[in-house]
Amino acid sequence: MWLVWLVLGMILIKTYNKITNGKCYSDKVMSGKVVIVTGGNSGIGYQTALELARRGAKVILGCRDEERGQNAVQSIIKKTKNRSVRYMHLDLSSFASVRKFVEDFKSSEAKLDILINNAGASGVHRDKTEDGLIRDMQVNHFGPFLLTVLLTPLLKKSAPSRIIIVTSTLHRFGTISDLNSPHSFMRTYCDSKLCNILFSNELARRLEDSDVSVNSLHPGHVNTSFYKATILEKLRTMILYTFFKNPIEGAQTSLFLAISDDCDHITGGYFVDCKEGYMGMKARNEDLAAKLWEMSEQMVGLKPEEQI
Ligand SMILES: NC(=O)c1ccc[n+]([C@@H]2O[C@H](COP(=O)([O-])OP(=O)(O)OC[C@H]3O[C@@H](n4cnc5c(N)ncnc54)[C@H](OP(=O)(O)O)[C@@H]3O)[C@@H](O)[C@H]2O)c1
């Protein structure tokens, strides 16, 4: 009998989630727009890239693995018939790779309309990178920080343009007090996601006088390969299917921020389910954001002429 109640309960939860999930209803065509989606080869990033390509945008997938990147490109081209989709190598755990990506991008594209900082790691990799930083912290914050700052002059030139940063509701449990020590995977992840939202808010303030908007988002809890090697992986099939969104649902808020005219004049916002959400207290702290910015500039080795 308990099994029947369990299955019934799971169906009810799933139905409730389906009904309440946010959806991007915009029917805007994106032809002529140039978009970068980092980590566009899987999960939320893949679905985001797929939908943007379906709407006619030129989409560049910034991925660390050539084979996975090219497979995603081929799959998107096959599904959308849009041939303006391509892979470019981008390993966010290496500042040299980020710099090369930006150089290559600038020499092949004249403009950039939308940058979607989607790629992320779960925090389980805590060894040091070639740049001397904790790997997943670099993938989640320091790499995207450098990438975004280096691309900002082009985004300004291409304005109106948009920067979208995928963070997580777990930013609430983060701190920026010790970003370069090996902590538990959960702490590393929460710290990095707090960094994402502080970075987004500070960047929005710095770009206030430009027509470049900057917003962050929590995609919801989404059943992707993200949970590999964490405890949730082991509980995957039942729990993740019942309680979590699928990747198409998980991509909706990124798409809303990239596409919708409703976002034209919004900057410095934090979105959940395609509407403004409530940031944690630390995320709203402007002093903390300014402190993180200064620390990030030093850690990524930003040159004076690159500062914004
Ligand atoms: N899933 C959730 O419930 C959830 C909840 C809140 C926030 N998020 C955020 O959503 C974003 C997307 O995650 P997802 O759920 O779609 O997971 P996913 O399917 O695992 O996608 C993560 C992407 O990031 C890429 N990536 C990892 N390390 C990289 C590196 N060093 N350089 C470049 N790319 C790298 C991965 O590439 P490979 O395929 O090569 O590994 C993959 O394409 C992340 O920022 C995550 O923090 C997810």
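This is a predicted model: local features need pLDDT of at least 70, side-chain atom pairs count only at pLDDT 80 or more; totals for chains, interfaces and linings use all residues.
Let's start with the helices. Two packed helices are described by the angle between their axes and by the distance between those axes. Our pair is H2, residues 43-54, and H3, residues 66-80. Their axes lie 10 Å apart, and the packing angle is about 40 degrees. With that angle, H2 is oblique to H3. The crossing of H2 past H3 is right-handed.

So which residues of H2 and H3 meet? On the H2 side, look for Tyr46, Ala49, Leu50, Ala53 and Arg54. On the H3 side, you will find Ala72, Ser75, Ile76, Lys79 and Thr80.

Now for the cysteines. A disulfide is a covalent bond between the sulfur atoms of two cysteines. How many disulfides does the count give here? It comes to zero disulfides. To be counted, two cysteine sulfur atoms would have to be within 2.5 Å.

Take cysteine 195, which is in no disulfide. Its nearest cysteine sulfur belongs to cysteine 190 and is 11 Å away. Is cysteine 195 buried or exposed? Cysteine 195 is buried, because its relative accessible area is 0%.

Cysteine 274 is in no disulfide either. For cysteine 274, the nearest cysteine sulfur is that of cysteine 24, at 6.0 Å. Cysteine 274 has 12% relative accessibility, so it counts as buried, the cut-off being under 20%.

How values were computed
Residues are numbered from 1 along each chain as its sequence is written. Side-chain values use heavy atoms; hydrogens and water are left out. Axes are lines fitted to C-alpha atoms, for helices over the stretch in contact, and angles run from 0 to 180 degrees between N-to-C directions. Helices (H or I, at least four residues) and strands (E, at least two) are DSSP runs, numbered from the N terminus. Angles under 35 degrees count as roughly parallel, over 145 as roughly antiparallel, 65 to 115 as roughly perpendicular and the rest as oblique. A crossing is left-handed if the near helix is turned anticlockwise from the far one by less than a right angle, and right-handed if clockwise. Contact means heavy atoms within 4.5 Å. Buried means under 20% relative accessible area, exposed over 50%, partly exposed in between (1.4 Å probe, protein chains only).
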